[in-house]
Amino acid sequence: MAEQSATVPPVFPVYARQDVFFERGEGCNIYDDKGQRYLDMVAGIAVCAFGHAHPKLVESLHKQAQKLWIASNYYKSHAMEKLAQRFVDATFADSVFFQNSGVEAWELCIKVARKYQSSVGQPQRYRVITFQGCFHGRTLAAIAAAKSEKMSKGFGPMTDGFDQVAWNNLNELRAAITPETGAIMLEPIIGEGGVRVASPEFLREIRKICDEFGLLLLFDEIQCGMGRTGKLFAHEWSGVTPDVMCIAKAMGNGFPISACLATAKAMQGMTAGTHGTTYGGNPLGIAVADTVLDMLLAPGLLAEVERKGKYLAKGFDELVRKHPKVFTERRGVGLMQGLKCAPPNMEITNMLRDEKMLVAYAGDNLIRLLPPLIITEKEIDEAIDILDRVARKVTG
């Protein structure tokens, strides 16, 4: 047995984890090992869309766990094909591939784009244009696409094939297109990079550019999709559809499952043997995701998310007016909202945690709030009160 160093913890210290141990959750509340309640306004970073331990999802997982856990992707699955068809019926896509995590689905988007260009006789068009501030995950390709020094330092050389341009700069985007460019990838709402919302006009122009130059348009809706903005997917607000899209997070409400969705044209090169996965689309994940989709598409749910998002935004706008030395700007759509801070965002995040509310931080000195979609107005009011209390402490 290897001796453990006194200075190295048993879990890789790659997170600056806060000294809190959570043991259970219920709805929008999560409880630590001392029984203290926290208001969960981050939901596992937009994962727990229907809150913790939702009875329908618990029942769905329990039922499937008693029947079949896995049979491998060598064989067909009625449940997988049913769920894929539901996504096809509800979106732009003609075909779906299930995986385990967001970054796996994201990498498949890149593979689909490269394979498409190769299949139409242009294998030299392998490069993908991304945008400053983007975040697509932590694999070598994903950090090469994001080009963040924080994520990529020491992991070089970076994977080739990604060029980056400024957000919301169409002139720079056009100038970056070369004979090797095959696709453009973006998040309709950048999350980690500062809750920056792409305008409908921006997305429409990017769609035009892709069509003009023969590029595929790839959307990353891992965080902003699955009902978070009041539409099933955030791009629906613009009327613009991508050729390929990756989704994850809320898809399994905490159970690891993701998917890559594509048009028939885009996925024409993805034939038998070109891609695979061991766990992707396993019966447990499919069962939970199918129930999540039932709940998302229930009459009135998305309209309620939109209404509650406006209620939350109104409260945030009031906080910005009331505490301009603490909160300088609100950004976001629906229940994906951010507050830009004047003090360091980590300082505000820690103060909120001490007041028993969880948020996530983001780039450009923001705090992100991504509560469960089932949050009530009373819980939103509680969140606003906590933010107000923390702001008053900051300003003395």
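Visitor: What makes this an open sheet, and in which order do the strands stand?

Guide: Seven strands form the open sheet, in the order β4-β12-β11-β10-β7-β5-β6, with mixed pairing. Strands here are DSSP runs of E with at least two residues, and helices are runs of H or I with at least four, numbered from the N terminus. β4 (95-99) and β6 (162-165) stand at the edges with a single partner strand each, so one side of each has no neighbour in the sheet.

Guide: This is a predicted model, where local features need pLDDT of at least 70, side-chain atom pairs count only at pLDDT 80 or more, and totals for chains, interfaces and linings use all residues. Residues are numbered from 1 along each chain as its sequence is written, and side-chain values use heavy atoms, leaving out hydrogens and water.

Visitor: Why are β11 and β12 called paired?

Guide: Two strands pair if DSSP finds at least two bridges between them. Four bridges join β11 (residues 244-247) to β12 (residues 258-262), so these antiparallel strands count as paired. Cys246 stands opposite Cys260 in β12.

Visitor: How do you know that helix α3 packs on the sheet?

Guide: Contact means heavy atoms within 4.5 Å, and α3 (residues 78-90) touches β4, β11 and β12.

Visitor: What makes up the lining of the second largest pocket, by residue class?

Guide: Its residues divide into 14 nonpolar, ten polar and two charged. Ala, Val, Leu, Ile, Met, Phe, Trp, Tyr, Cys and Pro count as nonpolar, Asp, Glu, Lys and Arg as charged, and the others, Gly among them, as polar.

Key: Axes fitted to C-alpha atoms, helices over the stretch in contact; angles between N-to-C directions.
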